[in-house]
Amino acid sequence: MSDKKISQLTASTTPLAGTEVLPVVQGGNTVKVSVDNLTTGKNVPALTYNSVTINRGLANEAASLAIANANALAFTTSGVQNTAVGANALRFCTTGSYNVAVGTLCFSGANPMTGLFNTVVGASNAQKISSGGNNVGFGYATISNVATTSGNSALGSIALNLTTGANNT
């Protein structure tokens, strides 16, 4: 064993293979563990890696998932079971739950967003929905300029963009 301080050691090559071993103290004894086995069997409650974030919800609630390069589900406080894929998707979804946003800027303009059971796929969808629920939008900028609409289904670019009523198709 070297007589060098850890700070004097040469940096490892990354990414690690997982077979490298580290010393740990377990039960008063110094033992070795591979990088792959460092957290085996350990419940890791939250994970952030290369912009993939899985947030454990409130006690006994399912997790929310965000896959993006910036701000997806950034301000969620108590919403649960939301899925956001894309930059700024569901950014201000503070207490809204069971929402799915796939695309950049989906549900990104209303602050706070408290809606329930909304699903949108495509960039800039439902940007201003703040408290509406049960809306479905597929395409670019569908249902994007209405704050509290509910029960709408929109398919195609800019479909139901200025809808003020509910239950439109």
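**Strands, loops and buried residues in a predicted chain**

In this predicted model, leucine 90 has its place in the loop between strand 6 and strand 7. Leucine 90 shows a positive phi of about 50° although it is not a glycine, and with a relative accessibility of 0% this residue counts as buried, because the cut-off for burial is under 20% relative accessible area. Alanine 87 counts as buried at 14% relative accessibility, and its C-alpha lies 7.3 Å from the C-alpha of glycine 103, although 16 residues separate alanine 87 and glycine 103 in sequence.

Turning to the chain as a whole, zero helices and ten strands are found, so that the order of elements from the N terminus on reads β-β-β-β-β-β-β-β-β-β. Of the 169 residues in the chain, 32% count as buried, and the accessible surface comes to about 10100 Å², with 56% of it belonging to carbon and sulfur atoms. Among the contacts in the chain with a separation of 6 or more, residues 24 or more positions apart account for 0%.

Strand 1, which comprises residues 21-26, is hardly covered, since the count of buried residues among its six residues is zero. Strand 1 pairs with strand 2 (residues 29-34) in the antiparallel sense, over six bridges, and within this pairing valine 24 stands opposite valine 31 in strand 2. The two strands, strand 1 and strand 2, form a hairpin with two residues between them, and in the turn glycine 27 has a positive phi of about 60°.

The cysteines were considered next. Cysteine 93 is buried, with a relative accessible area of 0%, and cysteine 106 is likewise buried, with a relative accessible area of 0%. A disulfide is a covalent bond between the sulfur atoms of two cysteines. With a cut-off of 2.5 Å between cysteine sulfur atoms, the count of disulfides in the model comes to zero.

On the surface, Tyr98, Leu116 and Phe117 form a nonpolar patch, and the accessible area of these residues together is about 260 Å². One of them, leucine 116, lies in the loop between strand 7 and strand 8 (119-121), and at 37% relative accessibility leucine 116 counts as partly exposed, because this value falls between the limits of 20% and 50%.

The segment after strand 10 holds two further residues of note. Isoleucine 158 lies in this segment and has a positive phi of about 60° although it is not a glycine; with a relative accessible area of 44%, isoleucine 158 is partly exposed. Asparagine 161 is also found in the segment after strand 10 (153-155), but at 15% relative accessibility asparagine 161 counts as buried. When residues up to four places away in sequence are not counted, asparagine 161 touches Ala141, Ile143, Ser144, Asn145 and Val146.

How values were computed:
Residues numbered from 1 in each chain as written. Predicted model: local features only at pLDDT ≥ 70, side-chain atom pairs only at ≥ 80, totals over all residues. Heavy atoms only, no water. Helix = DSSP H or I, 4+ residues; strand = E, 2+ residues; numbered from the N terminus. Buried < 20%, exposed > 50% of the residue type's maximum accessible area, 1.4 Å probe, protein only. Contact = heavy atoms within 4.5 Å. Areas by Shrake-Rupley, 256 points an atom, 1.4 Å probe, with all protein chains shown as cover. Pairing = 2+ DSSP bridges. Patch = residues over 30% accessible without salt bridge, like charges linked within 9 Å, V, L, I, M, F, W, Y side chains within 5 Å. Salt bridge = Lys/Arg side-chain N within 4 Å of Asp/Glu carboxyl O.
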